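I opened my notebook to go through this protein one step at a time. Below is the structure, and after it come my entries.

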Amino acid sequence: MTHRVTIANTGQTIECSPDRPILHAAVAAGIDYPYICASGNCAACISELKSGEVSMLPHGDGALSAAQKAEGKILACRAKPCSDVEVIWLGRGRK
Ligand code: FES
């Protein structure tokens with residue numbers, strides 16, 4: 001079973017399995033999602049979760065603070081979808 005992930009920046013919707021981080025599914029689908037480390041340490045992939053729920057893999061506290069989490073921010077490289085979700089990236093990655 002997969003969940004639908006809508007990326008508001010591009011208007012694209014992709015399928016993502018619940019055990020796969022959103023970033024990985026987006027990049028595999030050819031979306032130019034910003035990232036650098038892909039391991040939860042740089043915050044380049046920081047995004048806002050506009051709807052739905054995600055499960056977060058471990059990440060560095062410096063990349064995503066508790067306050068940012070409370071505001072609905074996620075790290076796309078650490079966030080696995082638990083439902084259909086919509087996200088918008090806020091970071092700039094390597095660009
Ligand atoms: S790409 Fe570095 S925290 Fe996600």
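A nonpolar core, as I use the term, is a set of buried Ala, Val, Leu, Ile, Met, Phe, Trp, Tyr and Cys residues joined through side-chain atoms within 4.5 Å. Buried means under 20% relative accessible area, exposed means over 50%, and partly exposed is in between (1.4 Å probe, protein chains only).

**Ground rules.** I am looking at a predicted model, where local features need pLDDT of at least 70 and side-chain atom pairs count only at pLDDT 80 or more, while totals for chains, interfaces and linings use all residues. I number residues from 1 along each chain as its sequence is written, and my side-chain values use heavy atoms, with hydrogens and water left out.

**Overall layout.** I found two helices and seven strands; these are DSSP runs numbered from the N terminus, helices being H or I with at least four residues and strands E with at least two. From the N terminus on, I read the order as β-β-α-β-β-α-β-β-β. The radius of gyration is 12 Å, close to the 12 Å that the globule rule gives for 95 residues, so the protein is as compact as a globular protein of that length. (The radius is taken over C-alpha atoms, and the rule is 2.2 Å times the number of residues to the power 0.38.) I also noted that the C-alpha atoms fill a box of roughly 30 × 25 × 20 Å along the principal axes. Buried residues come to 39% of the 95.

**The core.** Which residues touch the most other members of the largest nonpolar core? In this set of 23 residues, they are Val-5, Ile-7, Ile-14, Ile-22, Ile-31, Tyr-33 and Val-87. Strand 1 (3-7), strand 2 (12-16), helix 1 (22-28), strand 5 (73-75) and strand 7 (85-89) each give two or more residues to this core. Helix 1 gives the most, with four residues. I then followed Ile-22: leaving aside neighbours within four places in sequence, its contacts (heavy atoms within 4.5 Å) include Val-5, Cys-16, Val-54, Ile-74 and Val-87.

Strand 1 and strand 2 pair in the antiparallel sense over five bridges; pairing needs at least two bridges found by DSSP. Val-5 has Ile-14 in strand 2 as its bridge partner. Four residues sit between the two strands of this hairpin, and Gly-11 in the turn has a positive phi of about 80 degrees.

Most residues other than glycine have a negative phi. Ala-38 is partly exposed at 25% relative accessibility, and Ala-43 is partly exposed at 22%.

**His-59.** Is His-59 buried or exposed? At 17% relative accessibility, His-59 counts as buried, and I found it in the loop between strand 4 (54-56) and helix 2 (66-70). Its contacts beyond four places in sequence are Gly-40, Leu-64, Lys-69, Leu-75 and Arg-78.

**Cysteines.** I searched the whole structure for disulfides (cysteine sulfur atoms within 2.5 Å) and found zero. Cys-82 is partly exposed at 43%.
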